[in-house]
Amino acid sequence: MKTKSSPAVAAGSIKAPRSSKRDGDAQNRRGSADAVEKRRAARRFNELLLGGGGRAGDGRTERRRRRLLAELAEGVSRRGKRALKPIDVLSRVEELLELGEPLASIREAYPPPPPVEVTAELVEGLRHLHRAYGFSADAYRFVGLDAHALRKAGVLRGGQREGRGSAPPPEAARHGAA
């Protein structure tokens, strides 16, 4: 019985096995913690040397900023397929704040709802959410959580006022230090 073989095998050469993306061995180095930290350090260094008066976003950043504001204003995610859930609102508000969007323009697009009733279950859920995500205290206002609820959950300290610098830095909170 005759079998088919490649010309390289017929000639006696042996090919080195190729790494497959399906193996799980191949790693995307762009997303590694080292690569991310290097990019952040490079951006900070460039901002320091170039004057750092707020870097101008590229076209993608500007389109993303506009899309996030539009989604908040409409109350639906991309192309109106799904209503925004509270976690979606929080993540969009937080991302806009990180892009340097002022709170006033976010409030124009998506005015904060009235405060929600603070229950023990809500406080515990908020505590877990904040530990996992580390959203800023200002972001929680856009889902109806006031300063009282944030204090009970430990997001704000006793005498601390609600504001951009009141929550622990997102990097610390995301690494479990909150």
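Predicted model: local features only at pLDDT ≥ 70, side-chain atom pairs only at ≥ 80, totals over all residues.
Local features need pLDDT of at least 70, side-chain atom pairs count only at pLDDT 80 or more, and totals for chains, interfaces and linings use all residues. Residues are numbered from 1 along each chain as its sequence is written, and side-chain values use heavy atoms, with hydrogens and water left out.

**Exercise 1.** Work out how helix α3 and helix α4 pack, and which residues meet.

Step 1: Find α3 at residues 59–74 and α4 at residues 86–98 (helices are DSSP runs of H or I, at least four residues, numbered from the N terminus).

Step 2: Take the axes, which are lines fitted to C-alpha atoms over the stretch in contact, with angles from 0 to 180 degrees between N-to-C directions. They lie 10 Å apart, at an angle of about 145 degrees.

Step 3: List the contacts (heavy atoms within 4.5 Å). From α3 come R64, R65, L68, L69, E71 and L72, and they meet V89, R92, V93, E95 and L96 of α4.

**Exercise 2.** Sort out how the rings of Y133, F135 and Y140 cluster.

Step 1: Rings of Phe, Tyr and Trp (its six-membered ring) pair if their centres lie within 6.5 Å; planes under 30 degrees apart count as stacked, over 60 as edge-to-face and the rest as tilted. That rule gives 2 aromatic pairs.

Step 2: Y133 and F135 are stacked, because their centres are 5.1 Å apart and their planes sit at 5 degrees.

Step 3: F135 and Y140 have centres 6.1 Å apart and planes at 80 degrees, so this pair is edge-to-face.

Step 4: Put together, Y133, F135 and Y140 make one aromatic cluster.

How values were computed: Helix = DSSP H or I, 4+ residues; strand = E, 2+ residues; numbered from the N terminus.
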